[in-house]
Amino acid sequence: QAAMLVAVTPQIAANLEALYRHPNIRIATNGYAQECDIACEKTFREPIQIVYAGSFNFNTRCERLLQAYSMLKRRRPEAAAQLAIDLYGPSGYYFRVFLRRHVRGSVRFRGYLPFNRLMDALCGYDLAFSCAARDISFSSKTYHYLNAGLPILGAASGMGLRDFIRENEIGLACDHTASALMQALQE
């Protein structure tokens, strides 16, 4: 019943066509239906604008970034003053229970944005936070951040995300704990 299907390779499109006989299958080889215009060179400003966009749940545990920021603010307020964090996502149960208490001052909740509007908004940030907890080894949001030209601050329980960031030299990677994240924020 979908109006359109999107595939990332011609082979996947052919497989979908054979399986579903769908009349409208588009190919977006980079995973995006339209390219984003991004600056070639990123210059940091103060405060450094950090963005987290995505799911608020136990598979991401994004509140650890906010806990790390609170720890940094207590221990090194001058370092914390150089950072600002924006959250994009749903305002459901997980947000209300685990995140809302951290939203104040330099930590802001921006709500949910549709994909194209979010991609436009990401281009205005300096750094993006990607995280994976529990049995999840990678966050696909990392690719969205890279498409917007952002370096990644990655935190993961497993090695997948951390290895990807380190091997490709696209940001900082650490364990998915508040103390490790506080060290990364200092860096």
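## Leu161, a buried residue

At 0% relative accessibility, Leu161 counts as buried; buried means under 20% relative accessible area, exposed over 50%, and partly exposed in between, with a 1.4 Å probe and protein chains only. Leu161 sits in helix α7 (residues 159-168). Helices (H or I, at least four residues) and strands (E, at least two) are DSSP runs, numbered from the N terminus. Setting aside neighbours within four places in sequence, Leu161 is in contact with Ser130, Cys131, Ala132, Ser137, Phe138, Thr142, Gly154, Ala155 and Ala156. Contact here means heavy atoms within 4.5 Å. The C-alpha atom of Leu161 is 17 Å from that of Phe58, and 103 residues separate the two along the chain.

## About the model

This is a predicted model, in which local features need pLDDT of at least 70 and side-chain atom pairs count only at pLDDT 80 or more, while totals for chains, interfaces and linings use all residues. Residues are numbered from 1 along each chain as its sequence is written, and side-chain values use heavy atoms, with hydrogens and water left out.

## Strands β3 and β4

Five of the six residues of β3 are buried, so the rest of the structure largely encloses this strand. Strand β3 is joined to β4 by six bridges, and the two run parallel. Two strands pair if DSSP finds at least two bridges between them. Within this pair, Ile48 stands opposite Leu83 and Ile50 stands opposite Ile85. Strand β3 also runs parallel to β6, with two bridges joining them; here Ile50 stands opposite Leu127.

Strand β4 is mostly covered, with six of its six residues buried. In a regular strand the side chains alternate between the two faces of the sheet. In β4, Leu83, Ile85 and Leu87 point one way, Ala84, Asp86 and Tyr88 point the other way, and all are buried. Three bridges join β4 to strand β5 (residues 107-109), again in parallel, and Asp86 stands opposite Arg108 in β5.

Which residues of helix α8 (residues 178-186) are buried? They are Ala178, Ala180, Leu181, Met182, Ala184 and Leu185. These buried residues pack against β3 (48-53), α2 (63-75), β4 (83-88), β6 (127-132), β7 (152-156) and β8 (171-175).

In soluble globular proteins, nonpolar side chains tend to be buried together. A nonpolar core is a set of buried Ala, Val, Leu, Ile, Met, Phe, Trp, Tyr and Cys residues joined through side-chain atoms within 4.5 Å. The largest nonpolar core has 52 residues, and Phe129, Tyr145 and Leu185 touch the most other members. Not counting residues up to four places away in sequence, Phe129 touches Ile50, Val51, Tyr52, Cys62, Leu65, Tyr145, Leu153, Ala155, His176 and Leu181.

## The largest pocket

The largest pocket holds about 290 Å³ of space. On a 1 Å grid over the protein atoms alone, a pocket is an open set of points with protein on both sides within 12 Å along at least five of seven lines, and lining residues have an atom within 4 Å of a point. A volume is the space filled by probe spheres set on the points.

The lining has 18 residues, and Ile48, Leu83, Ala184, Leu185 and Glu187 lie nearest the centre of the pocket. Strands β3, β7 and β8 and helix α8 each supply at least two lining residues. Helix α8 gives the most, with three. The lining divides into 13 nonpolar, three polar and two charged residues. Here Ala, Val, Leu, Ile, Met, Phe, Trp, Tyr, Cys and Pro count as nonpolar, Asp, Glu, Lys and Arg as charged, and the others, Gly among them, as polar.

## Residues in loops

Most residues other than glycine have a negative phi. Arg21 has a positive phi of about 55° although it is not a glycine. Arg21 lies in the loop between α1 (10-20) and β2 (25-27) and is exposed, with a relative accessible area of 62%. Arg61, in the loop between β3 and α2, also has a positive phi, near 50°.

Gly105 lies in the loop between α4 (93-99) and β5. Is Gly105 buried or exposed? Gly105 is exposed, because its relative accessible area is 66%. The C-alpha atoms of Gly105 and Ala84 are separated by 8.5 Å, and the two residues are 21 residues apart along the chain.

Methods
1 Å grid on protein atoms, 1.4 Å probe; cavity = no way out; pocket = protein on both sides within 12 Å on 5 of 7 lines; lining within 4 Å.
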